[in-house]
Amino acid sequence: MPFPHHVFRHTPALRGLITPPDESELRFGLDRFAELDIQAEKEGWPPGWRMEHDAREANRLGVLEGRMVQDLWVFAYGSLIWDPAVQVEEYRYGTLPGWRRSFCMRLEGGRGSFARPGLMAALDEGGHCDGVVMRISGPLVDQETQFMWHREMFSGAYRPLFLEVATPQGPVEALTFVMDRDNRRYMPDLPEDDAARMIAVAEGNLGPNFAYLDSLVRHLDELGIADDDMHRLHARAQSYRLGAT
């Protein structure tokens, strides 16, 4: 079922480009974790590859304490923009100061492996990030954030914060999943050339790591969200895939 027309009243260019939640593969329940637990046991993944259910739920309840029955804004900078997997009441363009989109998270599954890890985009400190904010209506916050925590806090590598995001309609305080700098998957100060090489060669059961970066760049362009750093990283990774030096 498509989003209601009013959801995009401030962002008409996004209409038709956002995956409805009932069509999203990223709106999953605990059964998906059970499937991956079986795979992890078969393939001998190391302990701690995902966040335990009780810890994840405790994190959600703690972060959202006192906010569970009021409208919730969420800042999106990657696939959450075009495939939110939750029911959204309103979209706005937004800019988050003090944080930047960065491939700083080690990727050991999906489009990477423990033997040859890739990289995933996250928010790291410094600069600014252009993206969107989405509003979830108060009566749905409890239900919808359970799906959001399944996805965003799957491995526990993010830190959920409430940060002020500038929008053309005025600032909003938005839930934002930033890189947890204390997590073992954080790769600080990784040179762009090293990041491009990792992305160029990494591959997992979902395919090449480069396909993830390529999708990110294409979607940002389609949505009219500029990010020169992502374009430069994409070009460099592509050159390595083509055998250039």
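In the predicted model, Thr 145 touches Arg 60, Leu 64 and Leu 72 when residues up to four places away in sequence are not counted, a contact being defined as heavy atoms within 4.5 Å. Thr 145 is found in helix H4, where helices (H or I, at least four residues) and strands (E, at least two) are DSSP runs numbered from the N terminus. With a relative accessibility of 0%, Thr 145 counts as buried; the term buried stands for under 20% relative accessible area, exposed for over 50% and partly exposed for values in between, computed with a 1.4 Å probe on protein chains only. Thr 145 and Ala 115 are separated by 30 residues in sequence and by 33 Å in space, C-alpha to C-alpha. Residues are numbered from 1 along each chain as its sequence is written, and side-chain values use heavy atoms, with hydrogens and water left out. As this is a predicted model, local features need pLDDT of at least 70 and side-chain atom pairs count only at pLDDT 80 or more, whereas totals for chains, interfaces and linings use all residues.

Helix H4 (residues 141-152) packs with helix H2 (residues 53-63) at an angle of about 130 degrees, and their axes are 10 Å apart; axes are lines fitted to C-alpha atoms, for helices over the stretch in contact, and angles run from 0 to 180 degrees between N-to-C directions. H2 and H4 are therefore oblique to each other, given that angles under 35 degrees count as roughly parallel, over 145 as roughly antiparallel, 65 to 115 as roughly perpendicular and the rest as oblique. The crossing of H2 and H4 is right-handed, a crossing being left-handed if the near helix is turned anticlockwise from the far one by less than a right angle, and right-handed if clockwise. On the H2 side the contact is made by Arg 56, Asn 59, Arg 60 and Val 63, and on the H4 side by Asp 142, Thr 145, Gln 146, Trp 149 and His 150. By class, the residues of this contact divide into 2 nonpolar, 4 polar and 3 charged, where Ala, Val, Leu, Ile, Met, Phe, Trp, Tyr, Cys and Pro count as nonpolar, Asp, Glu, Lys and Arg as charged, and the others, Gly among them, as polar.

Two further helix pairs involve H7. Helix H5 (residues 192-201) and helix H7 (residues 228-241) pack at an angle of about 55 degrees, with their axes 8 Å apart, which makes H5 oblique to H7. H5 passes H7 in a right-handed crossing, in which Glu 192, Asp 193, Ala 195, Ala 196, Arg 197, Ile 199 and Ala 200 of H5 meet Asp 229, Arg 232, Leu 233, Arg 236, Ala 237, Tyr 240 and Arg 241 of H7. The residues of the contact of H5 with H7 comprise 7 nonpolar, no polar and 7 charged. The buried residues of H5 are Ala 195, Ala 196, Met 198, Ile 199 and Ala 200, and what covers them includes strand S2 (90-107), S3, helix H6 (209-223) and H7. H6 and H7, in turn, pack at an angle of about 145 degrees with their axes 10 Å apart, and H6 passes H7 in a left-handed crossing. The contact of H6 with H7 has 7 nonpolar, 3 polar and 3 charged residues.

Of the 68 residues in the largest nonpolar core, Phe 75, Tyr 91, Phe 103 and Leu 175 touch the most other members; such a core is a set of buried Ala, Val, Leu, Ile, Met, Phe, Trp, Tyr and Cys residues joined through side-chain atoms within 4.5 Å. The largest share of this core, 9 residues, comes from strand S3 (residues 118-136). Leaving aside neighbours within four places in sequence, Phe 103 is in contact with residues including Met 120, Ile 199, Leu 213 and Leu 233. Met 120, which is found in strand S3, counts as partly exposed at 25% relative accessibility.

Positive phi values occur at Ala 85, near 60 degrees, and at Asp 189, near 55 degrees.
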